[in-house]
Amino acid sequence: MRMLGVIQARMGSTRLPGKVLRPLAGSTVLGRVVRAARESGAVDELVVATTIEDADDAVVAECTRLGVAWHRGPVDDVLTRFLGALDAHPADAVMRFTADCPLLDPEIVALGGRVFRAVPGLDYLSTSLARMLPRGLDVEVIRADTLRTLDRLATAHHRVHVTSYAYTHPDRFRVLGLTLPPDRTGLRLTLDTPEDWRLVEAVVAEFGDSSVPLAKLAEWLSAHPEVAAYNAHVEQKALERG
C-alpha cells in the first residue's frame, strides 16, 4: 500500500494569522510538522496542500526550503486541494495532517499507519472518533478511492474538513476509531490561538527543536500545571464553523 501524506497549510487563520510559518527554535511550525511526518516512516511521499492566494507564496517558499513537494488549490474547498495533491502524487491511501500541530508525535503517526495497513478493507481511520489524545496529536488515514467518492458526496463544511463526511456517515463507509489510553483530552497541544502559542513556545523552550513523545510531554506538563493552564480554557471551533 502506497501512503501519501498531505499537510494542509495556509497563511490565513481567523484566530492566529500566519501561524504555520511562525519560527520555533530555528525551524517553523510547518517545518516541525513536515519533520514529524517524515520521522514517522508512515508515508511514502509527502506533499503540502496550500492555496492559490498570494499570501501562500510564503508557504511555497518554505516548502522549497524544506525540500517537500507542494500543491496549490482553492482556499475553502480543502477536499479539492487534497484531491489535486493526490492526482499529482498517486497513492492507495492518504494520511491527513494539518500544519497547526507542531507537537505531533511521530510514534503515534507511525502506529496509525500500521493499523490502517493491517486492517483489510478500511475506508477511514482516526484517533479522534473516540478521543483520548490531546488536540494536536490526532492521526487520520483515508483510502484514496474513498476520498474520491467523497468528492461526489460532500458539500458545505464537509469540503472544508476533507474527511468529515466519511466519519459522520459510518453506515456508508468502513470506519475505525483508534483509541490510545490513558485519557489525555485535558491537554490542548494544537496551535490556533495566542494562548496555544504560549504553550507551544514553553514546550519548545524546554525540549528544543525535536519531536517529543506524548508520554514524556504529558509527564512534563503534569509537573508544570501552570503551563498546561495557558490554553486550557480555549474552545475548539465547531465542525460547521470551518
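This briefing describes the overall form of one protein chain and then a few of its residues.

The structure is a predicted model, in which local features need pLDDT of at least 70 and side-chain atom pairs count only at pLDDT 80 or more, while totals for chains, interfaces and linings use all residues. Residues are numbered from 1 along each chain as its sequence is written, and side-chain values use heavy atoms, with hydrogens and water left out. The protein chain has ten helices and nine strands, where helices (H or I, at least four residues) and strands (E, at least two) are DSSP runs numbered from the N terminus.

**Overall form**

- Along the principal axes, the C-alpha atoms of the protein chain fill a box of roughly 45 × 40 × 35 Å.
- Of the 242 residues, 52% count as buried, a term that means under 20% relative accessible area, with exposed meaning over 50% and partly exposed in between (1.4 Å probe, protein chains only).
- Where contact means heavy atoms within 4.5 Å, 72% of the contacts between residues at least 6 apart in sequence join residues at least 24 apart.

**Surface and charge**

- The accessible surface of the protein chain comes to about 10,300 Å², of which 51% belongs to carbon and sulfur atoms, as computed by the Shrake-Rupley method with a 1.4 Å probe.
- The mean positions of the 28 positive and 32 negative charges are 2 Å apart, with Lys and Arg counted as positive, Asp and Glu as negative, and His and the chain ends not counted.

**Aromatic pairs**

- The count comes to three aromatic pairs, under a rule by which rings of Phe, Tyr and Trp (its six-membered ring) pair if their centres lie within 6.5 Å, and planes under 30 degrees apart count as stacked, over 60 as edge-to-face and the rest as tilted.
- The rings of F207 and W220 have centres 5.6 Å apart and planes at 75°, so this pair is edge-to-face.
- Because F207 lies in helix α8 (residues 194-207) and W220 in helix α9 (residues 214-223), the pair ties together parts that are 13 residues apart in sequence, and both residues are buried.

**Buried residues and their surroundings**

- R32, in helix α1 (residues 29-40), is buried with a relative accessible area of 3%, and, leaving aside neighbours within four places in sequence, R32 is in contact with residues including L24, P102, V204 and D209.
- M95, in strand β6 (residues 93-98), is buried with a relative accessible area of 0%, and the C-alpha atoms of M95 and G5 are separated by 4.7 Å although these residues are 90 residues apart along the chain.
- T190, in the loop between β9 (175-177) and α8, is buried with a relative accessible area of 7%.

**Backbone features in loops**

- The peptide bond from P181 to P182 is cis, with omega near 5°, and P182 lies in the loop between β9 and α8.
- A25, in the loop between β2 (23-24) and β3 (27-28), has phi near 50°, a positive value in a residue other than glycine, and is partly exposed with a relative accessible area of 45%.
- V162, in the loop between α6 (157-160) and α7 (164-167), has a positive phi near 65° and counts as buried at 1% relative accessibility.

Conventions. The place of a charge is taken as NZ of Lys, CZ of Arg, CG of Asp or CD of Glu.
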